[in-house]
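Thanks for coming, everyone. Let me put today's structure up on the screen, and then I'll walk you through it.

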Amino acid sequence: MTFANTILALLDLEVFLYMLLGIVLGMILGALPGFTGSMGIALLIPITYTMEPVPALVMLMAIYTSGIYGGSISAILLHTPGAPSSAATADDGYALTVQGKGLQALGVSTVCSCLGGFISGLALICIAPWLANICLYFGPAEKFMVAIFGLTIIGSLCSGGVIKGLLAGALGLAISCIGVDAQTGYPRFMYGNDYLAGGLATIPVLIGLFSLSQVFLMSETHTGSNKAIVDKALNELHGRTLPPLREMMGLIIPTIRSAIIGVGVGIMPGAGGDIASFLAVNIGKQSSKHPEEYGKGSMEAVACSETANNAVSGGAMIPLLTLSIPGAATAALLLGGFTMHGLVPGSELFTTQADIVYPILSGFTFSNIVMGIIGLIAARYVARVVSIPMSILAPVIMVMATLGCYSVNLSFLDVWSMVIFGMIGYIMVKHQMVTSPIVLAIILGPIAEQSLLQSLTLARSTPILAYYASRPIVLVMVALSIFSILWTVMREKKISKKAKEAQSA
């Protein structure tokens, strides 16, 4: 796939229009507290079922990156992060709004989000094909250990603790076993229901867990419109859209440093944009000439946070497209979108399917530039969506979710499946559990099972442990899996220790 052909694919009017739709939808959902780009992706995956892969996946990836940026709008204007990854932006961004520099803070957030996403897109295009070449040496044993490594990050995906993450993962593995066993033909967890013969449809599960559960939660906690608060914040926006040139030049080094941090954190499965943004702000404060301004209205802090969290998006796609391991929860949803369109992560993605994949990756990179342009023009107006009453939003999302589920297989059973998993997701959120481990386990479970059976066949008379120990890549993946478990446990102990110290203080 030549560079010229990639550019021509991006210039296609259909691709560009769907990219714009993804950017705008992601910004709106990201700006709504409690809603995220994940919800938009879950809702639109079934709609893309009949679309061509390039426009469909360019749109979904545009929602991903613009949803992260959209969270900074409400964080800066209302001190209410629209997404968890924008939490580090809230203090300094809102302090700048109080100082009358809210419009400049939005401008810095827009430019730095654009640059962070763009740099991560370039890293994705450069690193992913190289890493995919290594996958040529992966047999069934290696693929099994990659799936196990992916399952070990489940604990780190759950903000409520390792045990809750593992329980959610176990539920996901059980769900992935539903249906007729491909090896033996034995029905598993079907209970005489022929609808379950092929397993649960992935799309209703995704929509229920990520979208419907959030609608239930927001409908329960929403107390009314925030129109008056939003109007007040928007009326205080005045002056320049960006700080003076000298101040912007001073943000170049923090922006580049934060982009590198974001890409690196994104590659680490389970880390996420919130960790990247807080880490970038912390390092920025230690390196800053004016550390005393951090937390009190620092443009540099806003730049660090917003660059890092958007840079995570491209970094998280690197292990996703090469090893089927999502670096972030939203990337797990995108994995469902890729597989639905017949794009299986691995070396073939960048060889036999290069004519499809490279336009998608280039579209993701280019969408960050378009997002920056739209953001500079429309950020202050997008913030008004926060004032839309839940009585309007909830029915619209419910209708879209129902139509999306039904349209995939034209089955009302899929709709009931969505409702059931929406209730499961709601219960999980109420108990401080995240739903992404279930999605990860549903995707990786069949891969692990199939690869294990294939490796057992290839081992023949050789003891299975000896067969696995004789393969160097397997040993590396075992070491990574152990490190992942230890890192998760150590992080959990550190968080628990800080909580106890704060409580005693």
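Let's start with one ring, Phe 216. Its relative accessibility is 27%, so Phe 216 counts as partly exposed; that label covers the range between buried, under 20% relative accessible area, and exposed, over 50%, with a 1.4 Å probe and protein chains only.

Before I go on, some housekeeping. This is a predicted model, where local features need pLDDT of at least 70 and side-chain atom pairs count only at pLDDT 80 or more, while totals for chains, interfaces and linings use all residues. Residues are numbered from 1 along each chain as its sequence is written, and side-chain values use heavy atoms, with hydrogens and water left out.

Now the overall picture. The protein has 22 helices and 2 strands; those are DSSP runs numbered from the N terminus, helices being H or I with at least four residues and strands E with at least two. Of its 505 residues, 55% are buried. Take the contacts, meaning heavy atoms within 4.5 Å, between residues at least 6 apart in sequence: 79% of them join residues at least 24 apart.

Back to the rings. How many aromatic pairs does a search of the whole structure find? The search finds 4, where rings of Phe, Tyr and Trp (its six-membered ring) pair if their centres lie within 6.5 Å, and planes under 30 degrees apart are stacked, over 60 edge-to-face and the rest tilted. Phe 216 pairs with Tyr 426: the centres are 6.3 Å apart and the planes sit at 85 degrees, so that's edge-to-face. This pair links distant parts of the chain, with Phe 216 in helix H10 (residues 202-221) and Tyr 426 in helix H19 (residues 412-430), 210 residues apart.

Another edge-to-face pair is Tyr 467 with Tyr 468, because their centres are 6.0 Å apart and their planes are at 75 degrees. Tyr 467 is buried, at 13% relative accessibility, and Tyr 468 is buried too, at 9%.

On to the cores. A nonpolar core here is a set of buried Ala, Val, Leu, Ile, Met, Phe, Trp, Tyr and Cys residues joined through side-chain atoms within 4.5 Å. The largest has 91 residues, and Leu 124, Met 317, Leu 321 and Phe 350 touch the most other members. Helix H4 (residues 53-78) gives the most to this core, 15 residues. If we skip neighbours within four places in sequence, the contacts of Leu 124 include Met 61, Gly 314, Met 317, Leu 321 and Phe 364. There's also a second, separate core of 14 residues, and Phe 144 turns up again there, along with Val 146, Phe 149 and Ala 459 among others.

One more buried residue: Thr 365, in helix H17 (residues 354-382), has a relative accessible area of 4%. Beyond its neighbours within four places, Thr 365 is in contact with Phe 118, Gly 121, Leu 122 and Ile 125.

Last stop, a loop. Ile 47 lies between helix H3 (37-44) and H4, and at 43% relative accessibility Ile 47 counts as partly exposed.
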